[in-house]
Amino acid sequence: MKRRSLFGLLGSALVPWLGAKPALAASTPTDPQWQLSPSQWRSRLSAEAFSVLRQAGTERPFSSTLNKEKRQGTYACAGCQLPLFSSKAKYDSGTGWPSFYEALPNGIATKVDFKLIIPRTEYHCRRCGGHQGHVFDDGPKPSGKRYCNNGVALVFLAKGN
Ligand SMILES: [Zn+2]
């Protein structure tokens, strides 16, 4: 009896973990102007960008041309063009996804997701809620952060253009 109740207790404690649903949706936009329906988003975005931004998908590593982008400029949200990262914070993490050690002020917001069971910090565009990537604590100095971004969720705006 004692054993059974212990198992029951453990079981119920594990349920929220094992039953964790992938974060399949984008986050709530802070700007009501960007509260678009899925079909409105589909008409604005490529299929790949829609999958990442609006369904929290992940692009194939080494598939983005932004991996090799070395020019000075700004990386903005592909959904709403809000500036998210400066080229100054970009570095080659070797992961196959564009990586940055810091985000621009007021660009992103974060939440914890359990898509791979282990909790990870998801981040998204603060304005339109579009999923961008995950942030990890194994980045270079000075921040020690690694913002691992889907290239298809970004547009690069070269300086002077
Ligand atoms: Zn956005």
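Visitor: Which residue follows α3, and is its phi positive or negative?

Guide: The residue after α3 is A56, and its phi is positive, near 55°. Most residues other than glycine have a negative phi, and most peptide bonds are trans. The model is a predicted one, in which local features need pLDDT of at least 70 and side-chain atom pairs count only at pLDDT 80 or more, while totals for chains, interfaces and linings use all residues. Residue numbers start from 1 along each chain as its sequence is written.

Visitor: Why does P83 count as partly exposed?

Guide: A residue is buried if 20 or more other C-beta atoms, placed from the backbone, lie within 10 Å of its own, exposed if 12 or fewer, and partly exposed in between. P83 has 16 C-beta neighbours inside 10 Å, which falls in between, and therefore counts as partly exposed. P83 belongs to strand β2.

Visitor: What does P83 touch, leaving out residues up to four places away in sequence?

Guide: P83 touches T74, A76, L104 and G107, where contact requires C-beta atoms, placed from the backbone, within 7 Å. The C-alpha atoms of P83 and L104 are 7.2 Å apart, although 21 residues separate the two in sequence.

Visitor: What kind of peptide bond runs from K141 to P142?

Guide: That bond is cis, with omega near 5°. P142 lies in the loop between β7 and β8.

Visitor: How do you know that β4 and β8 pair?

Guide: Two strands pair if DSSP finds at least two bridges between them. The bridge partner of F100 in β8 is Y147. β7 and β8 are also antiparallel, with four bridges, and H134 stands opposite C148 in β8.

Visitor: Which way do the residues of β8 point?

Guide: R146 and C148 point one way from β8, Y147 and N149 point the other way, and all are buried. In a regular strand the side chains alternate between the two faces of the sheet.

Visitor: Why are β2 and β9 described as standing at the edges?

Guide: The open sheet of three strands has the order β2-β1-β9, with antiparallel pairing. β2 and β9 each have a single partner strand, so one side of each has no neighbour in the sheet. Neighbouring strands are turned by 30° against each other on average, direction ignored, with axes being lines fitted to C-alpha atoms (for helices over the stretch in contact) and angles running from 0 to 180 degrees between N-to-C directions. β1 and β9 are joined by five bridges, and C77 stands opposite L154 in β9.

Visitor: Why is A158 called exposed?

Guide: A158, in strand β9, has 11 other C-beta atoms within 10 Å, a count under the limit of 12, and is therefore exposed. Leaving aside neighbours within four places in sequence, A158 is in contact with R71 and G73.

Visitor: What makes a set of residues a nonpolar core?

Guide: Its members are buried Ala, Val, Leu, Ile, Met, Phe, Trp, Tyr and Cys residues joined through C-beta atoms within 7 Å. The largest such core has 26 residues, of which A49, L53, C77, A78, L84 and A153 touch the most other members. α3 gives the most to this core, with four residues. In α3, A49, F50, V52, L53 and R54 are buried, and their cover includes α2 and β7. Beyond four places in sequence, the contacts of C77 include L84 and A153.

Technical notes
Helices (H or I, at least four residues) and strands (E, at least two) are DSSP runs, numbered from the N terminus. Two residues are in contact if their C-beta atoms, placed from the backbone, lie within 7 Å.
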